[in-house]
Amino acid sequence: MATSEAGRGVSRRTVSVAGQYLVLVLLAVVVLAPLLLTVIQAMSPPFLYVEAGKPLHPVHVDWKERTWFTGGLFSVVARTLLALVVFTWINKALVGWDAASARIGLGWRNLLATVGATVVMAVALGPAFGSLHAADGSSEWWILGAMVLVSATLVPAALRPGRSPGAAVVESLAVGSLVTGAAVVFVGGVVWTQAWSSARLGPAMARSMVMTVSITLAQVVTAVLAAYAFAFMRFPFKRVLFALFMATLLLPLEVTLIGNIALIRQLGWINTMPALILPFTASAFGTFLIRQGFRGIPPEINDATRLDGYGHFAFLTRFAVPLTRPVIASFTVISALQAWNQYLWPASVVSDDRYNTLQFQLRSIIGNNVANANVSIAAAMVAAVPVLILLIAFQRQIIRGLTAGAVK
Amino acid sequence: MKEVGLALTFLAPSLIIFSVFFYLPFIRLLDWGRYKSQRGGLSYRYVGLSQYREILTGPEFTDGLRHSVLFVLYTVPAGLVLGVLLAVAAHRPLKGIKIFQAIFSSTLASSVAVSSVLFLFLFNPAVGFFQVGWKEDPDMALFAAALPSIWQNLGLAFVIVLAGLQAVPEEVMEAARLDGYGPFRRLVRITLPLISPVLLFLVVVLVIFGFQAFAQIQIITNGGPAGASETLVFKISRQSQNYGAGAVLSIGLFAVTLVVTFLQFVLLERRVHYGDE
């Protein structure tokens with residue numbers, strides 16, 4: 001009686017867990033659908049004359065890269081490295097190997113999965129690409145072989161104690177073949193290099209990079225200085241000045257757009273870097289956020305350093321900034337994301353395609369030529385890669401920054 | 001005294017930038033609104049406040065405002081519902097849940113321009129997977145421009161709501177479970193009220209994004225057909241050669257922003273549960 005009850009409880013729990021996973025997978029498919037469909041579009045050149053009226057479909061994937069190094073930052077070599085980094089990260093997440101648990105969890109199994117599988121994939125992709133170049137019909141076998149090899153390396157890590165071998169093999173096969181397949185699609189497809197060169201993404205990306213780094217650095221410096229003054233210093237009209245800072249939040253770029261465009265024209269700065277950077281070198285949001293961080297420093301620390309004879313500048317650089325590093329890091333990443341994704345302002349002060357930033361460049365390459373649709377789509381996806389890397393590398397900071405105003 | 005000087009030095013960079021690129025343009029806009037441009041912006045004639053009345057009651061402003069509000073209505077409720085749905089689904093102690101969380105927040109990696117280009121071709125009448133002519137349909141054009149925003153906001157909404165859910169103490173949910181509350185009642189009666197500050201924050205952010213929408217409209221519809229998807233910001237950007245009318249529209253947008261911000265905090269703040277305050 002008792003055992004059958006328990007058995008029913010277990011099976012009901014199994015069903016409920018399976019149901020939860022089913023819901024999650026369905027939601028994941030819905031979220032990723034636009035992305036998956038557009039990847040297919042990017043991989044399939046439209047044959048308008050043959051298949052008029054039919055959507056893009058992956059009937060013919062052109063694999064042949066000219067050489068491994070064409071495409072600059074987006075050459076096959078760079079892409080292979082990127083794929084490997086992403087793969088290592090996925091592996092790390094899967095086996096739960098992070099710095100904190102490294103001491104406890106780093107057995108030879110996890111090491112084999114993270115390092116070994118990455119090396120195996122790097123080696124196995126070589127002949128797979130080689131066969132694509134040779135186009136001798138053996139590609140499928142090389143790709144399948146690579147998938148099996150990578151999956152096999154993952155099995156020992158998936159075989160944790162108390163785990164059925166079947167589940168471990170299924171998990172390794174799923175991860176191994178998915179990641180290897182993705183690597184082949186993203187590294188092997190010629191359309192990415194095509195998009196990179198024909199859309200001139202390189203120079204546009206470089207300009208966006210310069211703009212983003214300058215804006216972010218400037219915002220962090222000006223915001224830290226202002227926040228320090230508001231948090232730790234006494235001066236007349238402090239409240240008025242703080243209100244003046246915060247009031248700029250009511251003047252978004254959209255409101256002052258016409259006035260700012262006029263100003264840039266009068267300065268003769270159309271199509272120049274200063275026009276893209278200078279208006280954004282101060283941030284009221286950042287000042288507020290970092291001031292809140294500074295206020296969290298216990299006053300005793302401030303008093304103690306004063307007694308030790310530290311001046312404001314020494315306290316700022318040696319105590320205030322290091323102690324609020326998480327807040328400043330979050331703001332840095334958020335500020336960089338915003339700067340990188342800017343569209344309206346570059347669209348307003350750049351009149352010559354040669355000075356486009358990346359986001360605005362995307363618009364000028366769309367054109368009306370649907371025959372190039374797959375290249376435009378590929379260009380858009382390539383444009384998202386730097387942010388994807390940022391997101392993966394600074395996940396915690398980004399999420400903390402985005403939710404800074406939401407959760408106390 | 002030395003401290004005052006140092007404080008001003010620390011504030012100076014921000015103050016200069018704010019004066020030159022925030023306050024100065026804004027004050028000039030207030031002034032320009034009283035001049036009407038002649039001969040395509042080559043000269044201006046003083047017309048006083050009459051231009052404000054003329055434009056702010058005319059179709060240029062009211063249509064733009066209507067489209068902006070519609071855009072907000074398309075994107076904000078969708079973002080809120082999707083955010084809550086995804087966050088509730090992914091806030092549970094399952095194995096591998098981190099992977100699903102990463103997938104749900106992945107749209108953060110796209111920018112408005114990127115997602116707009118993707119959706120532009122996804123719904124292209126000739127080569128898209130969904131071959132619909134929404135771009136050319138006056139009733140659907142604005143919605144077509146809102147789709148990439150809905151998709152792109154989804155990651156942000158998910159991340160924000162999930163952070164809110166994770167801050168809800170486990171004991172509260174356990175107590176509700178012991179009181180015999182089912183999952184749905186727990187969500188509606190306990191979880192949502194508890195995370196209402198987070199939801200308020202999300203609504204504020206999404207409304208701001210909605211009113212700022214520009215790239216998606218320029219890329220997907222370019223305002224068309226026949227101005228059916230021109231939002232207020234889009235109309236302002238089209239007036240960059242006509243400082244008089246552009247200034248009035250900008251001041252109009254400023255007033256709308258003020259009213260919306262005020263409304264959000266007065267109306268929503270009252271319904272929000274802030275815990276022990």
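This is a predicted model: local features need pLDDT of at least 70, side-chain atom pairs count only at pLDDT 80 or more; totals for chains, interfaces and linings use all residues.

Biologist: How many residues of chain B are in contact with chain A?

Modeller: The size of an interface is often given as the accessible area lost when the parts come together. Here we have residue counts instead: 74 residues of chain B are in contact with 70 residues of chain A. On the chain B side, helix H1 (residues 2-32) supplies the largest share, 17 residues. Sorted by class, that side of chain B has 54 nonpolar, 16 polar and four charged residues.

Biologist: And how do I read H18(A) against H5(B)?

Modeller: Two packed helices are described by the angle between their axes and the distance between the axes. For helix H18 (residues 373-393) of chain A and helix H5 (residues 112-122) of chain B, the axes come within 9 Å and cross at roughly 155°. An angle over 145 degrees counts as roughly antiparallel, so that is how H18(A) and H5(B) run relative to each other. Their crossing is left-handed.

Biologist: Which residues make the contact?

Modeller: From H18(A) come Ala373(A), Ser376(A), Ile377(A), Ala380(A), Ala383(A) and Ala384(A), and H5(B) brings Val114(B), Val117(B), Leu118(B) and Phe121(B). By class, that makes nine nonpolar, one polar and no charged.

Biologist: What is the count of buried residues in H7(B)?

Modeller: Zero among its nine residues, so to speak a hardly covered helix, spanning residues 170-178 of chain B. Just after H7(B), Gly180(B) has a positive phi of about 85°.

Conventions:
Residues are numbered from 1 along each chain as its sequence is written. Chains are lettered from A and ligands numbered from 1 in the order in which they are written. Two residues are in contact if their C-beta atoms, placed from the backbone, lie within 7 Å. Helices (H or I, at least four residues) and strands (E, at least two) are DSSP runs, numbered from the N terminus. Ala, Val, Leu, Ile, Met, Phe, Trp, Tyr, Cys and Pro count as nonpolar, Asp, Glu, Lys and Arg as charged, and the others, Gly among them, as polar. Axes are lines fitted to C-alpha atoms, for helices over the stretch in contact, and angles run from 0 to 180 degrees between N-to-C directions. Angles under 35 degrees count as roughly parallel, over 145 as roughly antiparallel, 65 to 115 as roughly perpendicular and the rest as oblique. A crossing is left-handed if the near helix is turned anticlockwise from the far one by less than a right angle, and right-handed if clockwise. A residue is buried if 20 or more other C-beta atoms lie within 10 Å of its own, exposed if 12 or fewer, and partly exposed in between; C-beta atoms are placed from the backbone.
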